[in-house]
Each structure stands twice: as structure tokens, then as C-alpha cells.
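Subject: Structure handover

Hi,

Here is the structure for you to take over. My notes on it follow below.

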Amino acid sequence: MTAEALDQEHKSGERKWRRRSLWSLVLLIPLALAVESYDSVRTLLRNNDLFPRRVAWGQSAHFAGSDWKLTNLRGAFGMSNLPPDSVPVLADFQVKIGNSDLQKLWLGCKVMLIDKDGRRWSPTSIVSLKTPDNIGNCVSAIFSGARTGDTLNLRETFLVPKEATKSIWPAIGVASERPHFLLFQLEKD
Amino acid sequence: MMRRTANIILLLMAVLFCYGLQISKPHYGDLIGPIPARGKLGDTVVGRAFEVHAEKVEFARKLKVDQFGQQKVLTTGGVWAVVSVDFAARSESTVVSTASWRGPAGLTYDQTERLSFMNGLLPVAIDPGLPRKARLIFEVRPDETSNATLLVSEKLVAALDSQAEIALGPVAVGADGLPAGTVDTLDMLQSP
Amino acid sequence: MLEGARSRLKAWAVAGIGTAVAIAVAGVLGAFGARHEPLPVLAPASQIDTGEWLLRPLKAYVTAGKYTYGMPLKPGGKALVLEVEMTNRTAKSTKDYFDVLQASPATVDPATKPFIVLTRDSTMSPELHPGMPERMAYVWQLPNGAAAPASFDLTVIRKTYKPRDNLYGLPGWFNPMPAGTLTLPIGAGPDSTDIQP
């Protein structure tokens, strides 16, 4: 083999590899992006209530190891000392404890009201209505030491503008189930 | 010879280019800083999760406050600046926690911590559809009152989140060095 | 072959000498840094610049009052109070003054953290604002049964400004270092006069 021919072969081999490398980028760049963004996407999904799981009125749903049921949603009209056109709304839940490791499963528990436009209300501290002793809220329930088979009554109080009271649904999200959350339908739905 | 000169020129250009990149590149702190939503006194400034409308600014030498049922008069080393604002939540309930007063020289005055017992100060919880009034109270140097900017954000570190920046406009200075219209005692017992 | 070996030897020698010089320079600089310079003695009647703060000691006294600037004392206990005028030299409101003044272990138990109070209205450790001098009181609880000393020593700690820290790239004050020592006479009580400059 002459030196020239050897050189020629060398060049074509190099060209072939260069082409292969360039084509592999088509695969490698999206792969690198996916690996890089994996943690961010995971955090985004873990921290947000994104996908509702609807629960029909009167039904209970298995969520975070327990069975959740909406028992009541009502407005407390006629209170004084409130911002104009606002109504306190009480949401009552009954939870039958399945897995009693609440400190892990119910962490980041967030009860909210969602209206038809997607606006979300968190529990308020402006209104404090007296609740019976056997009714707790989501956070106090975590530390109540409830065992498997117990039934807990939970209540959260919200402050909602009057115009929104016609179309609101209660919802519950916990860290262990995110991005999914429970959206309770009402009797009228 | 030509080739070597060309190489040296190329190298110098590369060095210059890299230096340009280095000095023009924004720093990490700038990249993750707050995202400004600008406006002026009287505007409604819309951020990602909240809206704020600053109505008026009052200056006072002393503040009359109610601390646990006891009336107190609070003095300051500078001048009290009290901004009356309306907050509104956009699509979610949220809490507005921090406000600062940035003077014309760039000095940043956080909301005073001497009135933490008072109602209607930050942090303020706001719900969608239910606007709320609040008062932001600062102690500032008299020479930092004119052309100041009010900074309002939800969290202490507003990284990658909205920060309302409200231009408060010029303030005339009186003969005593304090802003014109400074009252001697501002009564905070009246609701805003 | 021989040519190659020689040039390789040369390269090794250059690299070795370079390393040795670097280590020697670092060692000499380290030795300079480790040398203990005696801390400067600061005049009590002066303005002390700690980088973040401008301090002007006003007076020190021991009190047995039940409340010292709103701080309850243990029954029968005494407290050492240092009143000092502090000016925030930075561009932002801050309360980074907890470690600026350290009382000598001879007078105060090093484990005792002082209460720091704004004398204007006894607010407990509020943020101080840029360019506004405020009178602050450091209140150290004294060990039970300790006699009131005639004077006490303080170490003043200064910090260095970094426009960008290494973790977040944000400005801040770092690297606390003793800036000097200060001996203050202990006055009779809360009514003793301020130190005049």
C-alpha cells in the first residue's frame, strides 16, 4: 500500500467518525437536558397540587393512606367585624385512618377551596370560630396520635368573597401524594 | 512569519473575547434576584401572586401607638415614614411579608421592627377577591426621603419572584431638614 | 533517544523547581499570617470602625435593678450594662451586632450572651438602619455573687465586606477578626455620665 492510499483511508475514516459524532449529538443533547432538569421537574411536581382526583358527594376516597370524606361545607353568614362582602366558609371532613404514620404521610397537608376560575383560598386566621373539642384541623391531626381504624373529624375555616361562594369546592393536598390532590364535588354537582 | 503573526492576533482576540464575556456576564446574584414589577404612587402594581397599590406617604417626628392597651409615643433618630397601601391576592391566598424603603442614595431601610405588636403591619395574609389595607412603617434618614422607591415582596428572599417597586416621587424639604408636611405626632390608633 | 531523555529531564527539573518555589512562597506567607500581632488598644473615647458599624462607647455600669431596659433579671442577680452609640455603616438595615463586642471572660462568663436593647423604647435587638446613630445597651448577666469590678475589657470584632460570597454570589460581611481591645471604667449606676470624646 502506498503512503497516499493509507492517508486517503485515514481521512475517510476520520470523516465517518466526525459524522457519527455530529449525529450522536441529536441524541446526547436532549438526554443531557433531561438529566439536568430531572431534579427541578421532580421538585416542581412534588411541591404543587396540579392534578385533581374528583370525589363524588357522599363518597370517600383513599388518599395518603386514609379514607377521606367531605361531610359538610357551609357559610357562616351574619358575622360582624369582617371585610365587606366576605363570608367565612367552614369545611368539615371525616377521615378514617388507614396507615397511622401520619407524620410522614400527611406532611405538608394543605386544605383549600377552589372556585370555577381556579382561584385558591387557604385557611384564614382572620376569623376564629369556636370549634368543639373533638374537631381538629389537618395539622393538629398529624400530632394527635390517631391509630389505624380511628375516625377523625377535621374542620378548616376560610374567608371567601360572597360572589365566589356559589362555585367553590374543597380540596386537599399532602406532600406524599403530590402532584395529585383530592377535589370534593358537592351535593348540587 | 505571516502564520505566526496571524496566530498571535487570533490568540489576542480570543483573550479579548473571553475578557468581554467575563465582564459582561451577569452574576449569579443578579440572575436569581427578584423580578421587578414597577409603578408609581397611585398605580396598582401587579406581581405574580399579589397586587399592591400605594396611596399616600406621611412623615412624622413621632408615632402614637397602642401597645397592649397602653398608649406610647415612639421617637426615632430619623423621621417616620408611613405608607398606606392596599393589597390584593391574585389567584391564590398568599402572605406579603417584607417591605423596604430604598432612598435616592441606594440605602435600603427595612420596615421597622419596633412596632411588631401592632395590627395592620406586615406580614399580611391576603385572599383572592378580598383586598386588604395595610400600613408600612419605616424609620429613614431625612435626606433619603425624596425620590425613594418602595419595595414590596412576599418573601424575605424574593429570589426569582416578583418584587413591586413603587416610585414615591420627589418630596420637598422643609426649613428644619425634614420633608415638608412632616407632622409632629402621627396617631396610629386610627385605622388606615 | 538520548535527546528525548535529556529534554524529559529538563521538563522534570523545571516542574520541580516551580513546585518548590510555590511551596516556599506559600510557607513564608503562612508564617507571616500566623505571626501573632498584639491587638491594638483602642481609646474608649473614640469612634471605633468595625467595618459594618461605627461604635462610640458611652458608659458602662453594674445594676441590680429588677428590670434593665425591660429585661428581667434573676432575683438577687446583677447585670453589667454597656451603653454604646452604634451607626450602621452599610447600605442595608441589619442586626448583625451580636458578636461585635465580646466582654472579657474575666468579667463575664463566656457562655452568657448579652441582651441587646434599643434604649429609645427597650425594643429587643431591632434592626438598625443605615446612617442613623442609635443608643444601644448590651446587658450581660453577671455570675451570682460576683463583685462589681472597677473596669472591664472588651474585644471589638470587625468583619470584611465581600461583594459576592462564594456560595450565593450575594454581598455580605464575613470573616470576623478581632480589631482591638478596649478597657472601660465601670460607673456607679445608670445615672453616671457619658464618656466624652
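Of the 197 residues in chain C, 26% count as buried. Bear in mind that this is a predicted model.

The secondary structure of chain C is 1 helix and 12 strands. Starting at the N terminus, the order is α-β-β-β-β-β-β-β-β-β-β-β-β. Take the contacts in chain C with a separation of 6 or more: 73% of them link residues 24 or more positions apart.

Next, how the chains meet. There are 2 pairs of chains in contact, and chains B and C share the most contacts. Chain A and chain C do not touch. Their nearest C-alpha atoms are 18 Å apart.

Chain A does meet chain B: 13 residues of chain A are in contact with 9 residues of chain B. On the chain A side, the elements giving two or more residues are β6 (120-121) and β8 (151-161). By class, that side has 5 nonpolar, 5 polar and 3 charged residues.

Now the strands of chain A. Strand β1 (residues 51-55) of chain A pairs with strand β10 (residues 180-184) of chain A in the parallel sense, over 5 bridges. In that pairing, V55(A) stands opposite F184(A). Strand β9 (residues 168-173) of chain A also pairs with β10(A), here in the antiparallel sense and over 2 bridges. A171(A) stands opposite L183(A) there. A hairpin of 6 residues joins β9(A) to β10(A).

One residue of β9 in chain A deserves a look: W169(A). Is W169(A) buried or exposed? It is buried, because 20 other C-beta atoms lie within 10 Å, and 20 or more is the cut-off for buried. Leaving aside neighbours within four places in sequence, W169(A) is in contact with I114(A), L183(A), F184(A), Q185(A) and L186(A). W169(A) and D115(A) are 54 residues apart in sequence, yet their C-alpha atoms are 6.3 Å apart in space.

Last, the nonpolar cores. In soluble globular proteins, nonpolar side chains tend to be buried together. The largest nonpolar core here has 38 residues. Which of them touch the most other members? They are V52(B), A81(B), F87(B) and L150(B). The elements that give two or more residues to this core are β3 (50-67), β5 (79-89), β7 (98-102), β9 (124-126), β10 (132-140), β11 (149-153) and β12 (162-167) of chain B. The largest share, 8 residues, comes from β3(B).

Not counting residues up to four places away in sequence, F87(B) touches F50(B), V52(B), V96(B), V124(B), I126(B), P131(B), R132(B) and A134(B). A second, separate core has 37 residues, among them L73(A), I97(A), L154(A) and I168(A).

Over to you.

Best regards

Methods: Residues are numbered from 1 along each chain as its sequence is written. Chains are lettered from A and ligands numbered from 1 in the order in which they are written. This is a predicted model: local features need pLDDT of at least 70, side-chain atom pairs count only at pLDDT 80 or more; totals for chains, interfaces and linings use all residues. Two residues are in contact if their C-beta atoms, placed from the backbone, lie within 7 Å. Helices (H or I, at least four residues) and strands (E, at least two) are DSSP runs, numbered from the N terminus. Ala, Val, Leu, Ile, Met, Phe, Trp, Tyr, Cys and Pro count as nonpolar, Asp, Glu, Lys and Arg as charged, and the others, Gly among them, as polar. A residue is buried if 20 or more other C-beta atoms lie within 10 Å of its own, exposed if 12 or fewer, and partly exposed in between; C-beta atoms are placed from the backbone. Two strands pair if DSSP finds at least two bridges between them. A nonpolar core is a set of buried Ala, Val, Leu, Ile, Met, Phe, Trp, Tyr and Cys residues joined through C-beta atoms within 7 Å.
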